[in-house]
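Please consider the protein shown here. The report below is written for a reader who is new to structural description.

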Amino acid sequence: MKSISEIREDFPYLDEKKVGKKVIYLDNAATSQKPKCVIDTIANYYAYQNGSPHRGAHYLSMLATELYENTRKKVKNFINAKKANEIIFTKNATEALNLVAYSYALNNLKEDENIVLTIMEHHSNLCPFQYVKEKTKSHLRYVYLDDDFQLDMKDLSNKIDEKTKLVCITMASNVVATMPDVKKVIEIAHKKNAKVLVDASQIIAHKKVDVIDLDADFLAFSGHKMLSAMGVGVLYGKYDILKEMKPFLYGGDMIEYVYEDSSTYLLPSARFEAGTQNVSSVLSLNTAIDYLENIGFENIEKYERELMDFAYDKMKNIPFIKLYTTSKKNRGPVIAFNIEGVHPHDVSSILDSFNIAIRSGHHCAEPLHRFLKENATCRVSFSFYNTKEEVLYFIEKLEEVRRILHLGH
Ligand SMILES: Cc1ncc(COP(=O)(O)O)c(C=O)c1O
């Protein structure tokens, strides 16, 4: 395995000399930094491989088709899907989750049926289903958390019933770090014949995801949180479900025959990929997968868990900090917190003046924040390229935030 310094050398933004300042990037849950190989893939595509896939009989078009479709196979293996055409490329996780709302839920929910969600869902896995609820006159049922921010499984079992058609659940919270037992949730849902949509956005860069082992019906994630360029997301769906679904977007490259008044559509995955594809971003995802697999998810998980425990244990003992992070060791590398008496945006701005990047706000999880009785929180989130030295520097500067604001003296 590469050493941490070798890994850091792969990321231009972590190079103090190139950037002109030493930046401590602790906003990995928003988006990851990119290794040079990913950036090179994009430049190389536009320099030497740029063609429109599926549309031409010339060399560049065929090359682009081959590279694009090879990435579909790569993603299939990456998440252990059965077939490559169970992998749909979208522009991000949000679009993937909307695709399920529009093409599956809108057509499969009836009045008085329900969708079960957890209170920790990101808006992307929540707002599309509010739209479905309005259109179909169905209901949303939320499952809440216990005092340690763990999903209340009893509440969940009670809320999933014969009228539940879909369960929307995150594999890792982008705020409280909880990793619910999604495999168990799927088992419970399937007993009631409900389908399950898994939001894997916050786990995909940190832990191996296996859709067959989970028995997930749908699973979504964004490439940009796992080292790839922005502009590519993935929706996995079981083929038997996908082939019964109507298209989400209509246009080029997803049709079979087009008449003046009607059209017939290709089979999945093409049915759900209307328009010219974002080939360069898709190829960057291919390189990102290679990069992550080369380091190895076991190594990533072990390293990040140590870093997370180190940061959590230190922050837990600081009297002026309140944590909104589960204490369970099975958690994502994310810590949400507040400094007593300081607005999260002030914390984030002051830390930025020390070149420390953290996030503040509601992190696209307003219902969760209402449940936590907070308008906003600060959030640090780690990646395998962060170090304990960076964590210590960040923690040291939390004291400085209070000093600058003349608190506690
Ligand atoms: C848990 C979760 N789901 C979905 C998303 C949406 O991802 P994107 O904005 O890339 O579509 C995010 C992004 O922060 C997230 O954290």
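Predicted model: local features only at pLDDT ≥ 70, side-chain atom pairs only at ≥ 80, totals over all residues.

Residues are numbered from 1 along each chain as its sequence is written, and side-chain values use heavy atoms, with hydrogens and water left out.

Helices (H or I, at least four residues) and strands (E, at least two) are DSSP runs, numbered from the N terminus. Helix H8 spans residues 182–191, and Val182, Val185, Ile186, Ile188 and Ala189 in it are buried; buried means under 20% relative accessible area, exposed over 50% and partly exposed in between, with a 1.4 Å probe and protein chains only. These residues lie on the same side of H8 because they cover an arc of only 165° around the axis, the arc being that of the directions from the helix axis to the C-beta atoms. An α-helix has 3.6 residues a turn, so residues three or four places apart point the same way. The buried residues of H8 pack against helix H7 (153–159), strand E5 (164–170), strand E6 (195–199) and helix H9 (211–214), where contact means heavy atoms within 4.5 Å. Just after H8, asparagine 193 takes a positive phi of about 65°.

Glutamine 150 is found in the loop between strand E4 (139–143) and H7. Glutamine 150 counts as buried because its relative accessibility is 15%. Leaving aside residues up to four places away in sequence, glutamine 150 touches Tyr144, Leu145, Thr178, Thr326 and Lys328.

An open sheet is formed by four strands in the order E11-E12-E15-E14, with antiparallel pairing; two strands pair if DSSP finds at least two bridges between them. Its edge strands, E11 (321–323) and E14 (359–361), each pair on one side only. Strand E12 (residues 334–339) and strand E15 (residues 377–381) pair over four bridges, and arginine 379 in E15 is the bridge partner of alanine 336.

Which residues are around the ligand? They are Asn92, Ala93, Thr94, His122, Ser124, Asn174, Asp199, Ser201, Gln202, Ser222, His224 and Lys225, each with a heavy atom within 4 Å of the ligand.

| Side chain | Ligand atom | Distance |
|---|---|---|
| Aspartate 199 | nitrogen | 2.5 Å |
| Serine 222 | oxygen | 2.5 Å |
| Histidine 224 | oxygen | 2.7 Å |

Note on methods. Polar contact = N/O pair within 3.5 Å; in protein donor to acceptor, adjacent residues only side chain to side chain.
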